[in-house]
Amino acid sequence: MSKQITVPKGKDYVSIAASGHKYIRILDAEGNEVFRSDSPAESVTAVLEPGSYTVDSDGKIGKVDYGNLDARLRAPRPADASKPPAQ
Amino acid sequence: MLVSIPANPVPSDLYHLYTSSSPKWLPWYIWGGGVYATSYSYNPANFLGYFGSVSVPFEDTVRVKSFRATGYCGAGSTVTVRLSQRTGNVSGAIASIVVNVAGYFDVTQAVAAGGFLASASDNSLAIEMIEQGQGICTVTALIVDLS
């Protein structure tokens, strides 16, 4: 089963519910596999850039949600160690 | 080239602490040779369970194509595993894995734009692991695809 999704701007991740599956994978617009889960968890979370993707699974794909990571868990902006914080 | 970085199992005596009746604060444990940790009975609003970090060895020039993590996530917890690169004094994540559903996980995340070209003379690679929540979580293996 496949499903088209679009990660909106301002969102960090997509959560995909599924059942009866052995894998869930996500393909980008060019067909490249950018995420794969080989576990039977009832849902998976993929950290993705905004854009269009295809969710593919050998099971049933359920609800798709988008969200933001806890600020402390977001990928940090590049940090320049040569510039210490201002005192 | 696949580089597998195995994590160590939790010793049975430590696991006993997790299952005891009295709460104990075990924010993190880091074991030599691998990284394996849990958090238990602490306020997740104030603390992150920092699993630690490990270096990813490589030689010459490689293209970092994907990053895979396996393990177990306890109920009520979130495991975040990030592969980061360093160039000069600047670093940033090139692949992130987040697991927030209880159960065993085996997740592979591709590095954006077809991969990150890393040169041993100019770059370093490291993995950072964080667990948030109050469940027992485990990272059993970290695998980086370097082609």
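User: Where is M1(A) found?

Analyst: M1(A) lies in the segment before β1 (2–7) of chain A; strands (E, at least two residues) are DSSP runs, numbered from the N terminus. This is a predicted model, in which local features need pLDDT of at least 70 and side-chain atom pairs count only at pLDDT 80 or more, while totals for chains, interfaces and linings use all residues. Residues are numbered from 1 along each chain as its sequence is written, with chains lettered from A and ligands numbered from 1 in the order in which they are written.

User: Why is M1(A) called partly exposed?

Analyst: A residue is buried if 20 or more other C-beta atoms, placed from the backbone, lie within 10 Å of its own, exposed if 12 or fewer, and partly exposed in between. M1(A) has 13 such atoms within 10 Å, and is therefore partly exposed.

User: What makes S57(A) a contact of M1(A)?

Analyst: Two residues are in contact if their C-beta atoms lie within 7 Å. Leaving aside neighbours within four places in sequence, S57(A), K60(A) and I61(A) meet this criterion for M1(A).

User: Why is β5(B) described as largely enclosed by the rest of the structure?

Analyst: Seven of its 10 residues are buried, so β5(B) is largely enclosed.

User: How do you know that β4(B) and β5(B) pair?

Analyst: Pairing requires that DSSP find at least two bridges between the strands. Strand β4 (residues 77–87) of chain B and β5(B) have nine, in the antiparallel sense. One of the bridges joins T80(B) to V98(B).

Definitions and conventions:
Helix = DSSP H or I, 4+ residues; strand = E, 2+ residues; numbered from the N terminus.
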